[in-house]
Amino acid sequence: MAVKAAATAWRRTLPETTRLSVRKTYKLFIGGKFPRSESGRTYLVDGDNVALASRKDARDAVVAARKAQPGWAGATAYNRGQVLYRIAEMLEARREEFIARGVSEPEVNAAVDRWVWYAGWSDKIAQVHGSVNPVAGPYFNISAPEPTGVVAVVAPESFLGLVSVIAPAIVTSNTVVVLTGLPQAAITLAEVIATSDVPAGVINILTGDAAGNAPWLASHDDVNALDLTGVTNPELATELERGAAGSLKRVLRPPAEGIDSAAEPGLQPMTALLETKTVWHPKGF
Amino acid sequence: MTATTTSRHDLRSLLHGLPGVDKVGVEARAAALGTRSVKSTAKAAAIDLAIRMVDLTTLEGADTPGKVRALSAKALRPDPADASCPPVAAVCVYPAMVPVAAQVLAGSGVHLASVATAFPSGQAPLEVKLADTRGAVAAGADEIDMVISRGAFLAGRYDLVFDEIVAVKQACGDAHLKVILETGELATYDNVRRASWLAMLAGADFIKTSTGKVPLAATLPVTLVMLEAVRDFRARTGRQVGVKPAGGIKTTKDAIKYLVLINETAGDDWLHPDWFRFGASSLLNDLLMQRTKLTTGHYAGPDYFTLD
């Protein structure tokens with residue numbers, strides 16, 4: 001034993017010093033990557049450096065979302081459900097990170113459960129929301145829901161609220177560009193999403209200046225729907241609705257008293273982002 | 001240094017006497033110029049200039065008369081919603097589609113370009129290439145895009161390439177001749193510089209980077225080398241030759257980088273549709289979307305523009 005100790009005595013042991021902290025910059029989430037803002041701007045949130053999204057980041061996010069949409073809608077409902085469930089799995093494994101960022105434990109639990117709940121809807125929504133219609137003629141008449149396309153979302157400033165606007169939009173085969181004022185939790189969620197087999201561009205998250213960037217998304221010709229759930233200023237909401245009118249966007253405006261994220265969401269958040277396609281198919285041939 | 005320099009050895013010593021291209025330097029220079037920021041009114045002017053420089057191209061086996069007619073109509077009036085949008089420089093089609101495009105473009109001032117000489121490979125006998133060229137000119141094309149024989153060039157037979165360009169130039173008559181170097185197959189920047197000089201000595205009115213049919217098409221550094229070549233050629237001979245990058249230029253951002261490159265390399269004499277063209281198809285829609293963004297103040301979407 002003594003021989004061995006002598007033989008290894010030349011090895012240096014690490015000095016007992018305090019480690020330098022590894023500081024983290026919270027960057028945007030666009031097209032499956034974590035870029036800094038195109039503008040190079042950042043802002044401080046609770047001592048953390050956070051990328052401050054510009055309107056050009058919003059534009060890039062729309063391009064990424066548009067590119068991803070046909071592939072996501074083309075995946076089977078079963079596959080989409082698996083991906084959403086995978087998000088729940090990864091979120092479950094990283095609960096502590098969210099709690100460390102100030103999200104309460106019950107809220108993290110509720111968020112995980114909400115992902116699981118929506119994951120289950122992926123292959124059921126078409127059955128509940130679609131229909132076979134009786135018609136006076138020799139036809140099968142079938143109404144089937146289809147995704148609206150690219151959805152711009154102003155997310156509420158709670159973690160459960162954030163999950164509750166993203167999940168219904170993507171389970172219905174839309175792709176989203178999310179503006180959030182809850183940067184650390186949202187980008188940590190993006191890290192969960194990035195490791196959950198969600199195709200690049202299906203979910204894009206922009207941090208900072210939601211009020212400044214929302215009008216650009218509202219008036220953007222290549223955005224198909226606008227979810228104003230997180231807009232608390234009624235004047236801004238009206239301005240955004242006016243901007244959206246130019247390209248006939250579908251607009252979700254929450255009731256004035258707000259939405260209780262903790263309550264069971266029901267089908268409305270999903271059906272609001274679906275279009276109905278009705279097919280007349282001749283029978284008897 | 002004249003167009004009579006046809007002997008194999010003269011050509012060889014001339015082309016190999018050109019200074020070599022600093023690969024790292026030219027790539028760094030092109031990348032640096034690509035970071036220039038062009039905003040507001042300058043951007044609006046750049047977009048309109050870029051639209052006026054577009055050779056709106058369709059070179060598919062699946063081209064139909066209907067598609068070529070639609071493309072030609074778009075060339076005349078790229079943005080039907082905005083009369084202030086200028087027409088493009090030219091429409092570029094296969095020889096068989098020239099009569100169709102000629103009907104639409106007649107008297108409009110928009111040029112009609114046709115690829116010829118066994119595009120895109122150039123691997124056909126000279127008589128076939130000349131017949132191809134004459135046919136396209138007779139059908140109404142006033143610009144001919146020829147391909148050089150890369151095989152002969154890479155084998156060092158500069159005289160063959162030279163004679164071929166001279167012969168095609170003759171077959172063109174009054175039509176402008178653009179010579180496609182297919183830089184993606186030339187392997188080195190030195191070869192690009194040599195091929196540029198070879199084409200210009202043989203009488204090319206334009207030198208063009210690519211057919212768009214090989215994976216490596218127009219790049220900024222290659223265009224930079226070609227712009228240097230036309231600049232130096234004019235300084236030596238007094239004759240101005242145009243440049244046309246083609247293939248892979250899809251966005252307004254890309255197009256503006258090329259405009260910066262022209263201004264900083266060849267000078268603003270080349271900032272005109274007579275001396276610089278973009279061979280492109282999808283670029284036009286992006287230019288129109290950016291133009292709409294500037295005029296309306298909101299971002300435009302592809303749903304509002306024609307596919308072809």
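Predicted model: local features only at pLDDT ≥ 70, side-chain atom pairs only at ≥ 80, totals over all residues.
Visitor: Which residues of chain B lose the most area to chain A?

Guide: Those are His298(B), Tyr299(B) and Tyr304(B), which together make up 58% of what the chain B side buries.

Visitor: What makes residues count as in contact here?

Guide: Their heavy atoms have to come within 4.5 Å. By that test, 10 residues of chain B touch nine residues of chain A.

Visitor: How many salt bridges and polar contacts are there between chain B and chain A?

Guide: The salt bridge count is zero. Polar contacts do turn up, in three residue pairs. By class, the chain B side that touches chain A has four nonpolar, three polar and three charged residues.

Visitor: Now to helix H2(B). Why are Val26(B), Ala30(B) and Leu33(B) called buried?

Guide: Buried means under 20% relative accessible area, so these residues of H2(B), which spans residues 23-33, fall below that cut-off.

Visitor: How do you know which side of H2(B) they are on?

Guide: They cover an arc of only 70° around the axis, so they sit on the same side of H2(B). Their cover includes helices H9 (189-201), H10 (220-237) and H11 (252-265) of chain B.

Visitor: What makes Asp22(B) a cap for H2(B)?

Guide: One of its side-chain oxygens lies 3.3 Å from the backbone nitrogen of Val24(B), at the N-terminal end of the helix.

Technical notes:
Residues numbered from 1 in each chain as written. Chains lettered and ligands numbered in written order. Heavy atoms only, no water. Buried < 20%, exposed > 50% of the residue type's maximum accessible area, 1.4 Å probe, protein only. Helix = DSSP H or I, 4+ residues; strand = E, 2+ residues; numbered from the N terminus. Arc of directions from axis to C-beta. Polar contact = N/O pair within 3.5 Å; in protein donor to acceptor, adjacent residues only side chain to side chain. Buried area = accessible area lost by both parts, 1.4 Å probe. Salt bridge = Lys/Arg side-chain N within 4 Å of Asp/Glu carboxyl O. Nonpolar A, V, L, I, M, F, W, Y, C, P; charged D, E, K, R; others polar.
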